[in-house]
Amino acid sequence: MTTHPSHPPLPTLRPLLDPSPEYAKWRSEEPIRRVTIWGDNSPWLITRHEDARAVLADPRFSADATHDGFPGFRPQSPPRAPGQFFMMDPPDHTRLRRVLIPDFTFRRIEQLRPALARICGELLGAMTADGATTADLVKAYALPLPSLAICELLGVPYEDHDFFQRQANAFSSLSSGPKEMMAARKALHTYLGELLARRAREPTDDLLSRLARDRVATGEVSAPEAVGIASLLLVAGHETTANMFPLAVVALLRHPAQLAALRAEPGLWPGAVEELLRHLTVAHSGLRRIATEDVEVAGVRVRAGEGVLVALQAANRDPSAFTDPDTLDVRRSAAGHLAFGHGLHQCIGQSLARAELQVGLPALFDRLPGLRLTVPPEDFALTMTTVHGVRSLPVGW
């Protein structure tokens, strides 16, 4: 990668359970600084928790990727697809996000917990069938759990999961070029467009049917927008949790006293999930914004048209926000962590992700009390995408 002579490259590799080591140094010495993503694309990097919250809550920092100078992770990226509201500002962001609110309320997600418990039980039963004592936890549990959950919520046949996971990987991989990304998007959107049309003719009790019946048929959103929304949910709804889950397992196995506390006091699990989200922060490429007018951040003037990258993994390890932040402490109050972002773009699926982790992690450790890693963590192959994780997790019990 060619970098600007005075701007260091953005770290793309990181240790298994910790942020890239450069972030702690930058956060203490120069909490807002320029970094190079590629070529001469050098946005401002935000590493402090306080500054991250301020930028993500400030409407003068736009999420609209169509702005000239918006920081991209590649020299060329496909144009924004209809319905991709996370890359939009109000009023379009508000209009499109609003259609999902009924399906992602806390109450609605709580109603899914019995289904999540059933899915976990079935997956664990399959893992241990016929006296099996080893498995790849990613393939057997961490990936199918959120995939099954988002398929059930959306109304997407789970038997097609290999197809949509391939498209998701092609689109999020940092090594994919624009042609690969466009081909993956086209394939996924064609598939979801056909499914949306089928749900319009033959509705069932799922989100795709409600989009077709209540939003597209009424003209509130267009069919391409509905497909884009469904694509976003399908990809994001399984990818982040599928990456978070195995890292959480490794973190707890490497901190046996913390795991013992959870086994002794199961009521600690909800808070422990928040602590794991803070500690691991799998969305490691950060959140991108662009200033629409001059704004002062941490004593530095960010000028209109300049890009900003909010380093969530650095903000969540900020000692001014969390005491002894590099320590995993399941009794800690991790309130205010930024694993799901902040402000009006805060992840709409966070209640679902929390529920999957709060149900799936205790179920795993309860069913397999002797769970252990069968490969040293330093041998794990990391995912090379915008979401940090491992490709496989060999375990035994």
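**Backbone geometry in its setting**

Among contacts in the protein chain (heavy atoms within 4.5 Å) between residues at least 6 apart in sequence, 72% join residues at least 24 apart. The model is a predicted one, in which local features need pLDDT of at least 70 and side-chain atom pairs count only at pLDDT 80 or more, while totals for chains, interfaces and linings use all residues. Residues are numbered from 1 along each chain as its sequence is written, and side-chain values use heavy atoms, with hydrogens and water left out.

The chain holds 15 helices and ten strands, which are DSSP runs numbered from the N terminus (helices H or I, at least four residues; strands E, at least two). Of its 397 residues, 53% count as buried, where buried means under 20% relative accessible area, exposed over 50%, and partly exposed in between (1.4 Å probe, protein chains only).

Turning to the backbone itself, Pro90 and Pro91 are joined by a cis peptide bond with omega of about 10°, and Pro91 belongs to the loop between strand 3 (61-62) and helix 3 (92-98). Asp130, which is not a glycine, has a positive phi of about 60°; Asp130 sits in the loop between helix 5 (113-127) and strand 4 (134-136), and is exposed, at a relative accessible area of 84%. Thr281, also a residue other than glycine, has a positive phi near 40° and is found in the loop between helix 13 (269-280) and strand 5 (287-291), but Thr281 is buried, with a relative accessible area of 2%.
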